[in-house]
Each structure stands twice: as C-alpha cells, then as structure tokens.
Amino acid sequence: MSVRYLSCGDTAFTVEFGNEISPGINGRVMALELLVNTPAVSATIRDGKTFMLPGVMQTGKKQGMQLMDDALADLVRRGIVDPEEAIARAEQKGAMRKMFG
C-alpha cells in the first residue's frame with residue numbers, strides 16, 4: 001500500500017492505493033481518502049498536529065473530504081468489497097467490525 005500526496009492549486013489530495021481489495025474486479029478496487037486544503041487543514045498541518053487530521057476530515061465532508069474507512073464502507077454497501085476485506089484494511093477495525101461484522 002502506498003500513500004501519495006497530490007497538490008493542485010490550493011487543493012491537496014491524499015490518495016491511498018490498496019492491492020487486491022476485491023477479487024471480483026480484476027483483483028483491484030480503488031478506495032480513496034480525500035483531504036481538501038481548507039483553512040482548518042492548513043492550520044492543523046502548520047501547527048504540527050497532523051494526528052488531528054482524521055477529525056478535521058470527518059467535519060469536512062461538506063467540502064468533499066473522505067476518510068479511508070468511509071470509502072471502504074461505501075464499497076461494502078455497494079457490494080463491491082467483501083466486509084472481511086474492508087475490516088482487514090480499515091484504520092478503525094473495531095468500528096468497521098461493528099458496522100459489518
């Protein structure tokens with residue numbers, strides 16, 4: 001799994017690539033974690049408090065931000081990814097297990 005940070009103007013994206021998440025579609029499905037460079041994101045990074053980014057992303061859904069676990073949960077709900085595979089790859093495995101376990 002690799003993480004890449006892309007910057008486009010004043011918008012930054014975090015993209016995480018996972019291998020073989022779903023064997024049903026050529027062995028791969030992309031789950032995206034999206035981080036939009038809002039003033040709150042900039043301040044959090046500038047202050048060196050990157051551990052707070054998941055909370056900032058959770059509140060930034062209206063700006064298009066998405067956590068990896070939300071992307072995985074969406075793939076499970078759409079029937080693209082097996083729940084056990086999503087649980088194995090989730091950041092918050094306990095929460096994902098409660099949802100689908």
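Where is E33 found? In this model, which is a predicted one, E33 sits in the loop that runs between strand 2, residues 11-17, and helix 1, residues 39-46.

I would like to stay with E33 for a moment, since E33 is buried and yet has no salt bridge, and the nearest side chain of opposite charge, that of K61, is 11 Å away. What E33 does have is a polar atom of its side chain lying 3.1 Å from the backbone nitrogen of M68.

That takes us to helix 3, which spans residues 68-77 and is mostly covered, with 7 of its 10 residues buried. Among the buried residues of helix 3 are M68 itself, D69 and L72. Just after helix 3 comes G79, which takes a positive phi of about 75°.

Now to the charged pairs. Side chains of opposite charge can pair when their charged atoms come close, and a search of the whole structure finds 3 salt bridges.

D74 forms a salt bridge with R78, where the closest N and O atoms are 2.9 Å apart, and here D74 is partly exposed, at 31%, while R78 is exposed, at 53%.

Finally, R89 and E85 meet through their side chains in a salt bridge of 2.8 Å, N to O. Because R89 and E85 are 4 residues apart in helix 4, residues 83-89, they are separated by about one helical turn.

Terms used. Residues numbered from 1 in each chain as written. Predicted model: local features only at pLDDT ≥ 70, side-chain atom pairs only at ≥ 80, totals over all residues. Heavy atoms only, no water. Helix = DSSP H or I, 4+ residues; strand = E, 2+ residues; numbered from the N terminus. Buried < 20%, exposed > 50% of the residue type's maximum accessible area, 1.4 Å probe, protein only. Lys, Arg positive; Asp, Glu negative; His and termini not counted. Salt bridge = Lys/Arg side-chain N within 4 Å of Asp/Glu carboxyl O. Polar contact = N/O pair within 3.5 Å; in protein donor to acceptor, adjacent residues only side chain to side chain.
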